[in-house]
Amino acid sequence: MKKLYIWGDSILRGVTYSEERGAHGLCRGFRLERVRELGYDVMNYAKMGATVTRGMEIMDRTLPENLDGATVILEFGGNDSDHNWREISADPQGEHGANTPLPVFAETYSKMIERVRLAGGRPVLATLVPVDAEKYMGWISRAGSRESILSWLGDTSMLSRWQESYNTAVERLAVLTGTPILDLRRDFLLSHEYKSLMSYDGIHPTDRGHDLIEEKICELLRRESVPETVYGDVYIALPGAVRAKG
């Protein structure tokens with residue numbers, strides 16, 4: 001049986017927010033059953049709240065010595081790009097950094113990719129599911145003063161722009177390391193029903209959003225091999241070498 005390994009955060013853990021229960025929990029439909037129907041044994045080590053540093057710690061405990069050519073999806077950046085909103089609310093004039101600074105994020109992620117390859121796996125980097133800035137602003141405002149947080153941000157859309165910088169880092173890392181991308185972000189951004197794909201908190205997909213994610217994973221695995229297409233019209237030949245489509 002073919003194998004799929006996943007290391008990531010709550011997005012690929014299948015977490016959503018239920019307004020009915022008023023709590024986070026696993027999406028009812030996200031069990032990766034369609035992936036298993038394709039003949040894959042799935043080992044999902046994604047964990048809610050995980051940053052890339054935490055993901056590396058989890059990988060230390062769970063990475064097999066020999067992945068034997070297995071596909072490995074890595075999905076980090078959402079929690080790395082987030083901030084301590086309670087502290088920002090209390091001191092909107094202060095200096096506040098993201099949970100993981102971009103240089104640390106890129107360096108740690110590149111080491112994770114290397115470890116997967118050294119173990120004989122084929123890594124794939126997932127792009128970030130885009131944050132719904134309006135919903136997320138309402139969510140983080142529960143941690144304190146909306147006015148104070150907005151004062152520090154400058155405008156609500158800064159939430160999505162800041163996250164975009166981490167997604168850009170993921171795409172750049174894919175090019176530099178010759179790693180294929182599982183592009184989750186594009187389909188969310190282009191959907192005319194985007195609001196229905198994101199739950200109340202603005203960062204976790206709804207059941208419909210998770211259904212879209214699982215379909216994207218299945219599209220990846222239906223191919224005979226992990227595609228070398230990274231994004232757009234750019235193909236990866238070897239790490240550090242880029243050739244144009246044609």
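These entries go from the whole chain to single residues.

**Ground rules.** I am reading a predicted model, where local features need pLDDT of at least 70, side-chain atom pairs count only at pLDDT 80 or more, and totals for chains, interfaces and linings use all residues. Residues are numbered from 1 along each chain as its sequence is written, and side-chain values use heavy atoms, with hydrogens and water left out.

**Whole chain.** I found 11 helices and 10 strands in the protein chain. Helices (H or I, at least four residues) and strands (E, at least two) are DSSP runs, numbered from the N terminus. The chain has 246 residues, and 50% of them count as buried. Buried means under 20% relative accessible area, exposed over 50%, partly exposed in between (1.4 Å probe, protein chains only). I also looked up contacts (heavy atoms within 4.5 Å). Among those between residues at least 6 apart in sequence, 77% join residues at least 24 apart.

**Start of the chain.** Met 1 sits in the segment before β1. It counts as exposed because its relative accessibility is 77%. Met 1 touches Gly 39, Tyr 40 and Asp 41, leaving out residues up to four places away in sequence.

**Strands β1 and β4.** Strand β1 (residues 2-8) runs parallel to β4, and 5 bridges join them. Two strands pair if DSSP finds at least two bridges between them. In this pair, Tyr 5 stands opposite Met 43 in β4. I noted that 4 of the 5 residues of β4 (residues 40-44) are buried, so this strand is largely enclosed by the rest of the structure.

**Cores.** A nonpolar core is a set of buried Ala, Val, Leu, Ile, Met, Phe, Trp, Tyr and Cys residues joined through side-chain atoms within 4.5 Å. Which residues of the largest core touch the most other members? Trp 7, Leu 74, Tyr 109 and Leu 125 do, out of 29 residues. At least two residues of this core come from each of β1, α3 (52-62), β5 (71-75), α5 (102-118) and α8 (158-177). Another core, of 25 residues, lies apart from it and includes Ile 6 and Leu 197.

**Helices α3 and α5.** Their axes are 9 Å apart, and α3 and α5 pack at an angle of about 25°. Axes are lines fitted to C-alpha atoms, for helices over the stretch in contact, and angles run from 0 to 180 degrees between N-to-C directions. Residues that meet here include Val 52 and Met 59 in α3, and Phe 105 and Tyr 109 in α5.
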